[in-house]
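Here is a short note for a colleague opening this model for the first time. Please keep the structure in view while reading.

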Amino acid sequence: MRKLLTATEAVSRFVEPGAVVGMGGQNINRCPMALVHEVIRQGIGGLTVVGCNLSLPLDMLVASGLVARTEQGTGNLERYGTLFAWRRAVERGEVSVGDHSHLAMATRFAAGALGLPFLPTRSLLGTDLLEDLVTSGVAVESVDPWTNKPVVLLKALTPDVAVIHANRADTSGNIVIEGVTSHEVDMVRAARVTIVSAEQVLPAGAFADRPEQVTIPEAYVTAVVEQPFGAFPTSVYRAYDFAEAEIKEYQALGRTGDGELRAWIAANLGGGFDDYLKNRDASGALRDGLVEQMRRLV
């Protein structure tokens with residue numbers, strides 16, 4: 001099967017209404033913005049979005065009315081504030097939430113990656129989170145049969161589709177991620193389908209003489225999309241820094257209300273991702289500056 005697709009092709013083929021979507025990226029780092037924009041353009045709704053720190057992509061999906069449930073470690077943009085559309089939707093009862101710790105989410109993905117029904121942990125013992133997870137049916141309190149000490153069994157999480165952004169890929173689906181990968185490798189291995197957008201897509205076999213660079217091998221990847229600046233306005237390590245002014249603008253609109261966010265999405269996300277980049281940065285000067293900032297950092 002040909003894996004190199006456009007974002008439109010990949011999303012229309014592999015993201016279905018009501019899907020459980022594993023979200024890559026962390027806070028303002030390497031979020032799969034181009035793929036999420038395409039989900040919004042296609043209006044694919046009823047989604048359950050899962051991940052460790054669900055940040056800007058989630059809030060845009062919620063503001064677009066496409067999310068029914070989230071399961072996450074956190075949902076925020078850290079120093080830039082909470083996810084305002086998500087928070088309001090939760091308060092109104094429009095989106096249900098399964099709160100986890102980051103480690104609990106990572107453990108559930110790890111169980112799915114290993115093909116196991118669950119994995120044990122002690123990290124949740126004595127917490128209110130554990131009570132909620134037991135009630136929701138994804139955790140069970142148990143006993144270590146060797147030591148008789150308490151443990152928690154966490155149910156495996158196997159997303160219908162995982163979406164991530166990477167530094168590089170080849171057309172066979174071998175993926176190179178530089179910097180922190182967080183939960184993504186296990187999430188991809190656990191998912192039934194994975195779509196990866198990448199800054200650059202190289203010919204098949206491009207990593208044959210340097211296999212140690214491959215973060216995720218082709219066996220776990222369903223579709224590859226070439227999209228430079230595909231994480232904008234978040235950052236990609238060694239490629240470009242995050243666009244702080246863009247994030248602050250979005251958050252300012254989020255504080256104002258849902259109508260303002262929906263108007264911003266309608267005004268900016270109507271075309272493809274390249275059109276979005278031109279709309280936000282017609283001269284390319286902003287992106288050039290972000291590339292230079294990253295060069296100075298690394």
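This is a predicted model: local features need pLDDT of at least 70, side-chain atom pairs count only at pLDDT 80 or more; totals for chains, interfaces and linings use all residues.

1. Residues are numbered from 1 along each chain as its sequence is written, and side-chain values use heavy atoms, with hydrogens and water left out.

2. The sheet. Three strands form an open sheet in the order β5-β7-β6, and their pairing is antiparallel. Strands here are DSSP runs of E with at least two residues, helices are runs of H or I with at least four, and both are numbered from the N terminus. Two strands pair if DSSP finds at least two bridges between them.

3. Inside the sheet. Four bridges link β5 to β7 (residues 150-155) in the antiparallel sense. Look at T121: its bridge partner in β7 is V152.

4. Helices on the sheet. Helix α5 (residues 102-114) packs on the sheet and touches β5 and β7. The direction of α5 makes about 140° with that of β5. Helix α6 (residues 128-136) lies across β6 and β7, at about 110° to β6. Contact means heavy atoms within 4.5 Å. Axes are lines fitted to C-alpha atoms, for helices over the stretch in contact, and angles run from 0 to 180 degrees between N-to-C directions.

5. An enclosed helix. Helix α3 (residues 56-63) is largely enclosed by the rest of the structure, because eight of its eight residues are buried. Among them are L56, D59 and A63. Buried means under 20% relative accessible area, exposed over 50%, and partly exposed in between (1.4 Å probe, protein chains only). Just after α3, G65 has a positive phi of about 75°.

6. The largest pocket. How much space lies in the largest pocket? About 180 Å³. A pocket is an open set of points on a 1 Å grid over the protein atoms alone, where a 1.4 Å probe fits, with protein on both sides within 12 Å along at least five of seven lines; lining residues have an atom within 4 Å of a point. The volume is the space filled by probe spheres set on the points.

7. The lining. The largest pocket has 14 lining residues, with T6, A7, T8, V225 and Q227 nearest its centre. At least two residues come from each of α1 (7-14), α2 (33-42), β11 (223-226) and α10 (273-280). The most come from α2, which gives three.

8. Positive phi. Two residues other than glycine deserve a look. E78 has a phi near 50° and sits in the loop between β3 (67-74) and α4 (84-91). E78 is exposed, at 51% relative accessible area. R238 has a phi near 70° and is partly exposed, at 47%.

9. The loop between β11 and α8 (244-256). This loop holds P233 and also R238. A cis peptide bond joins F232 and P233, with omega about 10°.

10. A buried loop residue. Is D281 buried or exposed? D281 is buried, at 5% relative accessibility. D281 lies in the loop between α10 and α11 (285-297). Not counting residues up to four places away in sequence, D281 touches L286 and R287.
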